[in-house]
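Hi,

Here is the structure I promised to pass on. Please have a look, and then read my notes below.

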Amino acid sequence: MEQALYQYALRLADSSLTMGQRLAEWCGHGPYLEEDVALTNVSLDLIGHAQMFYQIAVDLSGETKTADDLAFLRDAHEFRNPLLTELPRGDFAYTTLKQYFVDVFNLHLYQALSQSNHQPLAQAGKKALMEVKYHLTRSQAWCERLSMSTAEAKQRMQQALDDLWFYTPELFETDEVMRQLADDGVIADYASLKNNWQKQVEALLKKCQLELPASGWVATGGLQGEHSEHLGYMLAEMQFLQRAYPGCEW
Amino acid sequence: MSTATEAKIFEILEAVKDPEIPVISIRELGILQQVTIDGDQISVGIIPTYSGCPAMFAITEDIKNTLKSQGFVDVNVTLLNEPVWNTDMITDSGKAAMKAFGIAPPQSLSEQQVSCPLCGSTDTTCISQFGSTACKALYRCQSCLEPFDYFKCHA
Ligand SMILES: [Zn+2]
């Protein structure tokens with residue numbers, strides 16, 4: 001059970017870290033100054049969440065590793081994030097819609113986790129929840145603004161939706177061990193997460209007059225460590241310093 | 001070096017200010033949570049405001065350096081998971097100092113409009129939900145036209 005929870009903590013941490021790293025790539029590239037600052041502030045929060053969950057993983061592992069070791073010294077096949085969070089940042093519409101999907105997911109996830117009977121997870125869930133509410137307010141407002149503005153903005157949002165939609169089911173993937181953890185009140189119940197997520201997301205897409213794509217290839221594999229090539233490139237950049245100069249500190 | 005008492009350490013740590021709002025101490029901000037003394041060893045427990053707050057490293061160093069300058073060398077600073085920080089932990093003196101510094105302090109839930117820290121007008125609009133740091137939003141006063149930071153309510 002410790003091992004299962006360790007893997008789960010990695011899933012939470014890796015998802016937040018990859019989201020945070022992609023947002024950090026916007027630094028200096030935001031559409032205007034305030035938005036540049038907002039994107040990187042959300043990035044910092046997400047990296048902070050990753051830090052909390054890596055620390056939980058470290059405490060469960062019983063090894064002498066640190067949270068930084070888990071972030072900077074593991075290879076792509078050891079990462080447990082869904083493919084959605086490692087996708088390239090794309091244009092602003094793409095980043096915005098991806099962020100919205102993950103923000104709604106995180107809102108329900110952390111609401112559930114803050115009720116966990118595993119004390120460290122409950123604390124981390126509570127802390128993250130307060131911040132995710134802000135993230136969601138922002139990403140939702142941007143989805144509305146973009147979808148209801150110029151034809152080009154709307155078309156880019158629709159394009160982003162067509163590309164991203166079939167990456168979302170993987171957010172809710174579970175296995176036997178996770179279902180057991182959920183039954184024991186340790187982690188969230190992913191079936192009800194999915195239900196809540198779908199209701200909320202589909203209502204917004206309707207309001208934005210965006211069309212759900214009919215069918216497509218459904219992404220999977222991240223949770224087993226089978227990732228897209230994008231993660232490899234991301235890690236090569238993110239982990240460079242620790243790999244080239246082990247133990248290097250600022 | 002004087003003998004350490006918890007009250008004495010709290011008093012010394014009053015000199016440690018938030019690196020981003022240098023008029024308010026970490027106690028007033030609610031970051032400084034506990035001090036325990038075991039022989040010569042002093043343990044200081046702090047909590048982060050936002051989980052990604054990059055100032056925590058600077059604050060940890062400031063605490064150590066401030067105590068060291070008073071002769072206390074055996075100091076460890078721990079980041080506590082509990083309590084979870086919220087803006088109600090900011091003291092009234094902290095809020096007043098913030099306002100005098102030009103940052104609108106976090107509001108109570110009953111207040112509807114953020115008021116301008118310069119002229120007091122409540123005719124203000126939010127320009128961006130994130131200001132210079134994650135804990136602030138950027139506002140503009142419609143009366144005196146000054147832009148200002150609002151320390152967001154976080155509860
Ligand atoms: Zn004013």
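F240(A) sits in helix α10 of chain A, residues 240-244 (helices are DSSP runs of H or I with at least four residues, strands are E runs of at least two, both numbered from the N terminus). This is a predicted model, where local features need pLDDT of at least 70 and side-chain atom pairs pLDDT 80 or more, while totals for chains, interfaces and linings use all residues. Residues are numbered from 1 along each chain as written, chains are lettered from A and ligands numbered from 1 in written order, and side-chain values use heavy atoms, without hydrogens and water.

On to the chain B sheet. It is open, with three strands in the order β1-β2-β3 and mixed pairing (strands pair if DSSP finds at least two bridges between them). At its edges are β1 (32-38) and β3 (75-79) of chain B, each pairing on one side only. β1(B) runs antiparallel to β2(B), residues 41-46, with six bridges joining them; T36(B) has S43(B) as its bridge partner.

Now the interface. Chain A brings 21 residues to the contact and chain B 23 (contact means heavy atoms within 4.5 Å). About 1800 Å² is buried between the two chains, 60% of it from carbon and sulfur atoms (buried area is the accessible area, with a 1.4 Å probe, that two parts lose on being put together, summed over both). In chain A, K127(A), M130(A) and Y134(A) lose the most area to chain B, together 35% of what that side buries.

Best wishes
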